Amino acid sequence: MQSLMSPIFALLWSDAHEAAEIAAHLDASAWQAVDWHAAQHRLRPLLHCRAVEGKWDVPTDCAQRWKKNYQRSARRALYQRATLARIARSFGQNGVTAAALKGGAFVWSGTIDPAVRPMRDLDLLVRPDDADRASALLNALGFHQQGSSRPSGKHLPAFTDGQVVLELHLRILDTQDAASAAREAGFVERAWQRKVASAVTGIQALSATDTLLHLILHAVLDHQFNNGPLLLVDLPALVQPGAIDWPLLWQEAQQLEAVRACQLALALGERLCALPVEWCGHEPSDLTDDELDAVRRLMLVDMEHRAAVGWPGQLLRYPAKRWPGQLKAMIARRGTKGHADRTAESGEPGLGAALSYAIGAEGRARIADAVRLSFWLKR
């Protein structure tokens, strides 16, 4: 496992002069760590662009991998867009309205090069009453539900046509109880009312404000930041002049009881990306560099072990009386495979491997980061 002291944040989210200075002093092992994290977190295309723009002296093998990855990502984005257009025609002809979520809501809007924001899958929000019809239409287009995938509380089992993976969402946020489910349902309904046309004709998108809020809550609450640093690519792409209704964002965050999550993510964006945040009276007064450094460490957790790190933070979002049942559900999803096995459904290490990582020195340190942030979020 590579050290979490990789300079990847400084390379990608410093000004051009500082990044070039850092790149000039990296040795072979440091470049290896950078490339390892980049491969884990879909950052190779962005590194390729930064290296070319900054004229970094990158080891030839890294530079070639980054260039090929950028080209592959560009082709994949084109195919995903074409696939989305095909779905849009079918849905439109049959009266199904769908809204693009996450990256699909903005990567083709002209604010970002789609290749530097790779999407593992397409996420579409449909109304529950349209779910069966949308599923049937996807089947008719050659999509089938992956036998190894399972439904979540938010979306149906994933669909694929062999090249593109697509998730049909009925909801967009994880919830812990009836009250949080009601808050989420209210937000989804209001988001539907504010939907806008996407860059793909026939597909709607959540507004930039609602997409920003969704991405923040997905990264902070659903994943405790362990889904990687792409949030730092998303934030500047969305926060364009006049694009965000800041009073509305804070109003929705208050209704979702998620102001602290927004404070944490936006403060990180302000610090690393010079994000022009309008705090509207919500600037955090108790957020220290230690919390923001913990966020950066969690963003670089080995993807194989992110579930092991995320469990404690997820449990802390529930009332203590629900911990046994929730932990049992998590273990059931993880499976009871041995240390070297992987669960059949997720392809992730089995329960034994997860526990082994969690009790190791690095696992304990990252879990401590996750718990620290969970307590900060609950203050």
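Tutor: Let us consider strand 5, in which Val165, Glu167 and His169 point one way while Leu166 and Leu168 point the other way, and all are buried; buried means under 20% relative accessible area, whereas exposed means over 50% and partly exposed in between, with a 1.4 Å probe and protein chains only. This is a predicted model, in which local features need pLDDT of at least 70 and side-chain atom pairs count only at pLDDT 80 or more, while totals for chains, interfaces and linings use all residues. Residues are numbered from 1 along each chain as its sequence is written, and side-chain values use heavy atoms, with hydrogens and water left out.

Strand 5 covers residues 165-169 and is mostly covered, as five of its five residues are buried. Helices (H or I, at least four residues) and strands (E, at least two) are DSSP runs, numbered from the N terminus.

Next come the partners of the strand; two strands pair if DSSP finds at least two bridges between them. Strand 2 (residues 122-126) pairs with strand 5 in the parallel sense, over four bridges, and Leu125 stands opposite His169 of strand 5. Strand 4 (residues 159-160) runs antiparallel to strand 5, and two bridges join them. Here Phe159 stands opposite Leu166. Strand 4 and strand 5 form a hairpin with four residues between them. In the turn, Gly162 has a positive phi of about 100°.
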